[in-house]
Amino acid sequence: MTDNSSYCTPEFFMEQALLQAKQAAKREEVPIGAVLVDNLTGNILSIAGNETIERHDPTAHAEILCIRRACSAAHSQRIPNTTLYVTLEPCTMCAAAIAFARIEKIVIGAIDAKGGGVLHGAKFFDQPTCHHKIETQHGLMAEHSSALLKEFFKKRR
């Protein structure tokens, strides 16, 4: 999709995910963004923000949309050798999709102690039913992700 050879840093990719989250917030969606990167080239394969309200689809999470778009472009159900950058810890549904897509690594901004499915809750990647091991990193630009979510929900109350 995009040649990012001179911008191949985790911070750059998380900034792109944060931009997607901000755009989602402008559409009144929960501000979560995701960016899927080819590990071999450093190219961004897909980007997305939440679109559950816009699409009338409870599965239209940023992570799922990134996976769908990249799989469609690759004409494949699996997208190995990729890293998914996401602003908030994925829920269990998204964690399962990440594993089924054979994504190699995820980089998480903020953790989600209440609804997360990777580091909290079901801890999907740690279950014996998860047949694909995913490298997980968390905390990258977490304060920015958390602040965006807090501001969004503060305005809604």
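Is histidine 132 buried or exposed? Histidine 132 is buried, at a relative accessible area of 17%; buried means under 20%, exposed over 50% and partly exposed in between, with a 1.4 Å probe and protein chains only. The model is predicted, so local features need pLDDT of at least 70 and side-chain atom pairs count only at pLDDT 80 or more, while totals for chains, interfaces and linings use all residues. Residues are numbered from 1 along each chain as its sequence is written, and side-chain values use heavy atoms, with hydrogens and water left out.

**Histidine 132**

- Histidine 132 sits in the loop between strand S4 (105-110) and strand S5 (135-138). Strands (E, at least two residues) and helices (H or I, at least four) are DSSP runs, numbered from the N terminus.
- The side chain of histidine 132 reaches the backbone oxygen of isoleucine 103 at 2.9 Å. Polar contacts here are pairs of N or O atoms within 3.5 Å; within protein, one must be able to donate a hydrogen and the other to accept it, and residues adjacent in sequence count only if both atoms are side-chain atoms.
- Not counting residues up to four places away in sequence, histidine 132 touches Ala99, Arg102, Ile103 and Glu104. Contact means heavy atoms within 4.5 Å.

**Nonpolar cores**

- A nonpolar core is a set of buried Ala, Val, Leu, Ile, Met, Phe, Trp, Tyr and Cys residues joined through side-chain atoms within 4.5 Å.
- The largest nonpolar core has 34 residues; Ile67, Ile79, Leu84, Ile98, Ile103, Ile106 and Phe125 touch the most other members.
- Two or more residues of this core come from each of strand S1 (33-38), helix H3 (62-74), strand S3 (82-88), helix H4 (92-100) and S4. H3 gives the largest share, seven residues.
- Leaving out residues up to four places away in sequence, leucine 84 touches Ala34, Val35, Leu36, Glu63, Cys66, Ile98, Ile103, Lys105, Ile106 and Val107.
- Another core, of 14 residues, lies apart from the largest one; Phe13, Met14, Tyr85 and Met141 are among its members.

**Helix H1 (10-26)**

- H1 has 17 residues and reaches 25 Å from its first C-alpha to its last, close to the 24 Å expected at 1.5 Å a residue. The expected span is 1.5 Å times one less than the number of residues.
- Phe12, Phe13, Met14, Ala17, Leu18, Gln20, Ala21, Ala24 and Ala25 are buried in H1. The buried residues of H1 pack against S1, S2, S3, S4 and H5.
- Glutamate 28 follows H1 and has a positive phi, near 70 degrees.

**Helix H3**

- The end C-alpha atoms of H3 are 18 Å apart, in agreement with the 18 Å that its 13 residues should span at 1.5 Å a residue.
- Buried in H3 are Ala62, Glu63, Ile64, Leu65, Cys66, Ile67, Ala70 and Cys71. They pack against S1, strand S2 (44-49), helix H2 (52-55), S3 and H4.
- Just after H3, histidine 75 takes a positive phi of about 55 degrees.
- Serine 46, in strand S2, is buried at 1% relative accessibility. A polar atom of the serine 46 side chain lies 2.8 Å from the backbone oxygen of cysteine 66.

**Helix H5 (142-156)**

- H5 has 15 residues and reaches 21 Å between its first and last C-alpha, close to the 21 Å expected.
- Ala142, Ser145, Leu148, Leu149 and Phe152 are the buried residues of H5. Seen down the helix axis, these residues fall within an arc of 140 degrees, so they line one face. The arc is that of the directions from the axis to the C-beta atoms.
- What covers them includes H1, S3 and S4. On the other side of H5, Glu143, Lys150, Lys154 and Lys155 are exposed.

**Cysteines**

- The structure holds zero disulfides, a disulfide being a pair of cysteine sulfur atoms within 2.5 Å.
- Cysteine 8 is partly exposed, with a relative accessible area of 36%. Its closest cysteine sulfur, in cysteine 66, is 16 Å away, too far for a bond.
- Cysteine 66 is in no disulfide either, with the nearest cysteine sulfur, that of cysteine 94, 10 Å away. Cysteine 66 is buried, with a relative accessible area of 0%.

**Lysine 105**

- Lysine 105 is found in S4. Its side chain makes a polar contact of 3.3 Å with that of glutamine 137.
- Leaving aside neighbours within four places in sequence, lysine 105 is in contact with Thr82, Thr83, Leu84, Ile134, Glu135 and Gln137.
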